[in-house]
Amino acid sequence: MKINRNYLRLPDNYLFSTIAAKTRAYQAAHPQQALIKLSIGDVSRPLPVPVVKTLQDASAEMGQRATFQGYGPETGYPWLKAAIRDYYQTTKGVTLTPDEIIISDGAKSDVANLLDIFDPHCTVAMTDPVYPVYWESNVMVGHKIKLLPATAKNGFLPMPNRHARVDLIYLCNPANPTGVCYTREQLKQWVDFALKHHAVILYDAAYEAFVRDPQLPTSIYQIAGAKQCAIEICSLSKTAGFTGLRCGYTVVPTALIARGVSLNRLWQRRQTAKFNGVSYLVQRAAAAVFSPTGWTAIQRNLRYYQRNTTLITQTLDSLNWSYVGGVHSPYVWVRCPKGQTAWQFFDYLLSHAGIICTPGVGFGKAGEHYVRLTGFNTYAQTRRACQLLNKVLTQFKQNI
Ligand code: MLT
């Protein structure tokens, strides 16, 4: 039996599984200590009422012969695709056809599964630090990976290197983990680069709903030429609290042709062969998100998380502490105290403040000496975490 030996190049555990295991072990050893989770980007707000009501109605339909639903269309129900098409048109000024929108169970699976439609000998560019799923799924298939360091020097926003030869480019905007955001002008440079080199951009827009400045892009298709070179992956996990329900969508424009072949056709072909679609209940809930009442409720939740990240950034500002992100993103990328590695600072925050963060080095070597905090906890917990953070960082400052 021959195994896929590429798997042996992966760390033993997925980053967030390691953090969860460390947290469990710490909690077992310190059962009295209250812990505050600012690590994985998991939401704390419950689903809004219009979404819950729709789930209840759709469940009742499943129990009636006349309204019961069996297998649905593998790439999604037309009414959900139409709702997403309208969302793109009205909020982003981007015109899509329903065929270009393919419904999935979330961005994580799509950013990895999309590799199925590309050659196994691809060279892939991605930032360092990066969402671990990009790196790990490319290691699994044996792709050559070119890392683009995202550091303080380039504002954590690497730009294309004119001489690089790559087939695929992952861009996450706003970025996970740094929380920074490319401008339209910067994205245009990436699009022009991809068009010139016949590369395809895999654009992860999972955090687009957190962009507050209308001048910043919320879809790569707001950039001229992007429909000829980019696939956009999006998710309702963070936008609408679907981390537990699971629903996302991927846009593959019909204008995207690689070596004479439509990538939309290949992705639809892949999905119809390997995926039976998202459940009827979840798709009904997703459509409710895009209804007027659903959308209003979602905005309230987004503002709630934004208030949390503002609390974190205000705490850091008051200490004149170095960080980026937190404005157009639920993530704040915080410099560790002098002399501390990311894991050392993780342990320090856990043991001295009960705060669970994500060590930056878990997202790549260039993430060493940083940790990521999220605004996804409750306001009360975030406020408590900020008081504790203030205390810890003040002590570090005094000891310098
Ligand atoms: C993160 O914390 O980076 C994300 O929540 C992980 C994910 O979406 O899979």
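How many bridges join strand E12 to strand E15? The answer is 5, and the two strands run antiparallel. The rest of this report sets that pair in its surroundings.

## Ground rules

This is a predicted model, where local features need pLDDT of at least 70, side-chain atom pairs count only at pLDDT 80 or more, and totals for chains, interfaces and linings use all residues. Residues are numbered from 1 along each chain as its sequence is written, and side-chain values use heavy atoms, with hydrogens and water left out.

Helices (H or I, at least four residues) and strands (E, at least two) are DSSP runs, numbered from the N terminus.

## Two domains

The domain assignment gives domain 1 as 5–47 + 294–398. Domain 2 covers 66–291. Such bounds come from an automatic or database domain assignment. The domain centres, taken over C-alpha atoms, are 25 Å apart.

Contact here means heavy atoms within 4.5 Å. Domain 1 gives 37 residues to the contact, and domain 2 gives 42 residues. Between them the domains bury about 3400 Å², with 64% of it on carbon and sulfur atoms. Buried area is the accessible area (1.4 Å probe) that two parts lose on being put together, summed over both. On the domain 1 side, Tyr14, Trp295 and His328 lose the most area to domain 2. Together they account for 21% of what that side buries.

Strands of a sheet pair through backbone hydrogen bonds, either parallel or antiparallel. Two strands count as paired if DSSP finds at least two bridges between them.

Return now to the opening pair. Strand E12 spans residues 331–335, and strand E15 spans residues 370–374. Tyr331 has Thr374 in E15 as its bridge partner. Axes are lines fitted to C-alpha atoms, for helices over the stretch in contact, and angles run from 0 to 180 degrees between N-to-C directions.

## A helix pair

Helix H1 (residues 15–29) packs with helix H11 (residues 342–353) at an angle of about 35°. Their axes are 12 Å apart. The crossing is right-handed: the near helix is turned clockwise from the far one by less than a right angle.

From H1 come Leu15, Thr18, Ile19, Lys22 and Tyr26. They meet Trp343, Phe346, Asp347, Leu350 and Ser351 in H11. By class, this contact has 6 nonpolar, 2 polar and 2 charged residues. Ala, Val, Leu, Ile, Met, Phe, Trp, Tyr, Cys and Pro count as nonpolar, Asp, Glu, Lys and Arg as charged, and the others, Gly among them, as polar.

## The sheet of 7 strands

Another open sheet has 7 strands in the order E2-E8-E7-E6-E5-E3-E4, with mixed pairing. Strands E2 (101–104) and E4 (144–149) are its edges. The twist averages 20° from one strand to the next.

Strand E3 (residues 123–128) pairs with E4 in the parallel sense over 6 bridges. In E4, Ile145 is the bridge partner of Val124. Helix H8 (residues 263–274) lies across E2, E6 (200–204), E7 (230–235) and E8 (248–251), at about 25° to E2.

Most residues other than glycine have a negative phi, and most peptide bonds are trans.

The bond from Asp128 to Pro129 is cis, with omega near 5°. Pro129 sits in the loop between E3 and helix H5 (132–140). The bond from Asn176 to Pro177 is also cis, with omega near 15°. Pro177 is in the loop between strand E5 (168–172) and helix H6 (184–197). Phe156 is not a glycine, yet has a positive phi of about 65°. Phe156 lies in the loop between E4 and E5.
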